[in-house]
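Welcome, and please load the model in your viewer. We will go from stop to stop, with something to select at each one.

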Amino acid sequence: MSSKLKDFQFNQQSLQLNYEQGKLELTVLTPGIVHVFQDHGRARNSYAIEGNKQQKTKVNVFDKGDHVELETAQLLIKAYDDEKLDVYDSLGNPLIIDYRGSRQPLASDLDAEHRKTVLAEGHSVADELHHESHYYEVVKTLAADEQFYGLGDKTGFLNKRGYDYDNWNSDVPQVHTEATTKLYKSIPVVYGLKNGHPYGMFFDNTYQSHFDLGKESEHYYFYSAIDGNLDYYILGGHSLKEVVANYTYLTGRVPMPQKWMLGYQQSRWGYSISQERVEELAEKFEEYELPIDVVHLDIDYMHGYRDFTWDTKKYQHPKEFVEQMRKRGIRLMPILDAGVKADPDYDLYQEGLEQGYFVKNPDGTVYVNAVWPGKSVFPDFGRPEVRAWWAKHVKFFTDLGTCGIWNDMNEPASFNGPLPENLEFHDEEQISDHRRMHNVYGHNMSKAAYEGLKAETGRRPYVITRACYAGTQKYSTVWTGDNQSLWSHLQLSIPQLTNLGLSGFAFAGTDIGGFQADATGELLIRWLESALFVPLFRNHAALGTRYQEPWAFDKQTLNIYRKYLNLRYRLIPFLYDQFRHETQAGLPVMRPLVLNYDHDPQARSINDEYMVGTSILVAPVVTPQTTKRLVYLPAGEWIDFWNHASYAGRQTIVVDAPIDKLPLFIKANTILPWGCKTMHVSDKPDQIMTFRVYGECGSYMHYQDNGLDFAYQDGEYNEYYVEVDENGQALVELTKHGYGPNYQKIYVETADQRLEFNYDEKSGNYRQK
Ligand code: GLC
């Protein structure tokens, strides 16, 4: 049935379109962000977007007879009958065009009887959701030349075209393949390049939803949801970078991490079974001269898997133990699970019960399922009081001196079947249900941890979470959950992490070496090489799998492992600079090539290379027994990190890649900071810094602060500007001196010389020796 556009009102950057059968609201937030909203009677609050994002923006509205036009400096939206919207960029290039035909769901030849037969052998059958009629759908035309990115941690390849995905946070212990439609996170942002023109759409709906990006049809792609308001944002920009920056402006940016969070981290489910095991681990790192900053304590440190407890039979004096480890340069990161043990003698359970803080059955009784501790209940994190209560308990850890909180099982995962849809959850103060609050459960749990840590320590909180929603990046880093020691999982890690980056999560990582199944020394090395610039740099393995510590294989593996850990520590000042840049520009640290080169068709579907910022290109080996690989170099001139050979861009080259070599290229005329060799990120300010010049010349802005707290927000930071011209003349300037300590010595290394600069107290600047 058709619904004519009757009239419209325009008021305060908001265009209300009145149709015969409903209303649609288009609100301009900035020239590149327009909110599309239709009220379906559901809660309007957003978990992803905090604060008012609307800026005063010039908007033109025109009545064109058969349609209405809304125009900003970056977007042109045409609204027609039947709520059809067409979006163009400022040059008139079509970006998002509503599909005028009707969907043609994929034919299924599976009747009820055959379904049983297929299931009998253990085959899986596509989720019902794919075929069900949806509550609403947003169907857009698909061009022959159109690629898709984003969507958070989803499986498969960088370009999501041709695949479909579900947004319903799920604990997936099976191998993650391109047939896996849902994982731990729901980040419903999709970016497109339509005939080379970039755009994005962010669907701010926490209910279960689905993306079909050209699987069902070559003519359209669609988003559908089982409930919720029609609530999405159109993102524009002249480049994919601008579109991504608009998304992170809207949902927030990863805050500056503490510097040591970029150090190496060792983990295994089982280490924390005893204090001695953790101590032995520290000894091995010392013995083998391997740099490290964090050891993770998995569930075994707890007393019977009870949250906020420590097994004092295994650890007699946890506080002293944490302190001793800290003296050895190692911080301890405890895990915390969403499910709280239902045990009448356990104070957390009792408190929560008395206060009514746990998720309830529709009849008002507390809902019980099972997780690690057996019978478990679930804090109702959507409620502000519950988050405040949880945040208060974080003091348990901060008093002990552990370094952060690793949140797990917060999809929420459950061992006795999924949580029913009709459970009573809170949506802030309102009573709601599991359907609406499921996908933000991990978000709210992480926010509580962040707030507790910040209040107790005044430091930048180190929070990791497995489950999250769009916007969680403001509170937590993420890891990609239970991967496996398989080459396919190493391959998956690159598109997964780069798409997470595009989706706002600049601080992310995968379990290096793989969590489940047995690693080989070769796989472990290739994984470590591949992760050289991955912000969350953690080797983690499951109980019962083959050990995968650096020394668990042969001597060669250990030596190569050490070489890359040392290299990582040299590069931490660079990574830290990248985070400074990320907080300001809203662009990820680890990037798919397409982000920097969206005009280059060849850069649009590269799954086995990534960039760090704009100047480093990493091309890891992700297949076994491989000693050579092809590397695509985009436009520009590139310098091989290892031998300084130079290559023209826009070509694919063959490079040697024996087991100890990570193919690594630096854009010509780049300056990079090069930290001192160290076993742990230092607690004390560095005295010396080196800058290396790749190519002839270049310039670089380097950032320094105390690496710990929020003082930088009050201007307590330093900025160093380094420049080298074609004649090899170098300049080093302290352009901002807001943080007391600064480097006493700075070296600038070019291909043929090493220049030394000393700090001169009097002039407050550097003099070349
Ligand atoms: C989950 C986590 C994993 C952890 C395990 C035990 O599987 O994803 O990282 O080791 O639980 O806590």
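This is a predicted model: local features need pLDDT of at least 70, side-chain atom pairs count only at pLDDT 80 or more; totals for chains, interfaces and linings use all residues.

Tyr305 is not a glycine, yet its phi is positive, about 60°. Most residues other than glycine have a negative phi, and most peptide bonds are trans.

Move to the loop between β25 (405–408) and β26 (424–427), where you will find Pro412. The peptide bond leading from Glu411 to Pro412 is cis, and its omega is near -5°.

Now for the ligand. Which residues surround it? Select Trp269, Asp298, Ile299, Ile335, Trp372, Trp406, Asp408, Arg466, Trp479, Asp482, Phe515 and His540. By class, this shell has seven nonpolar residues, four charged and one polar.

Next, display distances from the oxygen atoms of the ligand. A side-chain N or O atom of Asp298 is 2.5 Å from a ligand oxygen, and a polar side-chain atom of Asp482 also lies 2.5 Å from an oxygen of the ligand. For His540, the distance from a polar side-chain atom to a ligand oxygen is 2.9 Å. On its own the ligand has 310 Å² of accessible area, and the protein covers 97% of that.

Strand β1 (residues 5–11) and strand β2 (residues 14–19) run antiparallel, joined by six bridges. Click on Phe10 and look across to Leu15 in β2, which stands opposite. Two residues separate the strands of this hairpin, and Gln12 has a positive phi near 50°.

Our last stop is helix α12, residues 555–585. How far apart are its end C-alpha atoms? They are 43 Å apart, which agrees with the 45 Å that its 31 residues should span at 1.5 Å a residue. Zoom in on Leu571, where α12 bends by about 45°; Pro573 follows within four residues. Finish at Gly586, which comes after α12 and has a positive phi near 75°.

How values were computed. Residues are numbered from 1 along each chain as its sequence is written. Side-chain values use heavy atoms; hydrogens and water are left out. A residue is near a molecule or strand if one of its heavy atoms lies within 4 Å of it. A polar contact is a pair of N or O atoms within 3.5 Å; within protein, one must be able to donate a hydrogen and the other to accept it, and residues adjacent in sequence count only if both atoms are side-chain atoms. Accessible areas come from the Shrake-Rupley method with a 1.4 Å probe; for residues, only the protein chains shown count as cover. Ala, Val, Leu, Ile, Met, Phe, Trp, Tyr, Cys and Pro count as nonpolar, Asp, Glu, Lys and Arg as charged, and the others, Gly among them, as polar. The expected span of a helix is 1.5 Å times one less than its number of residues. The bend at a residue is the angle between axes fitted to the seven residues ending there and the seven starting there. Two strands pair if DSSP finds at least two bridges between them.
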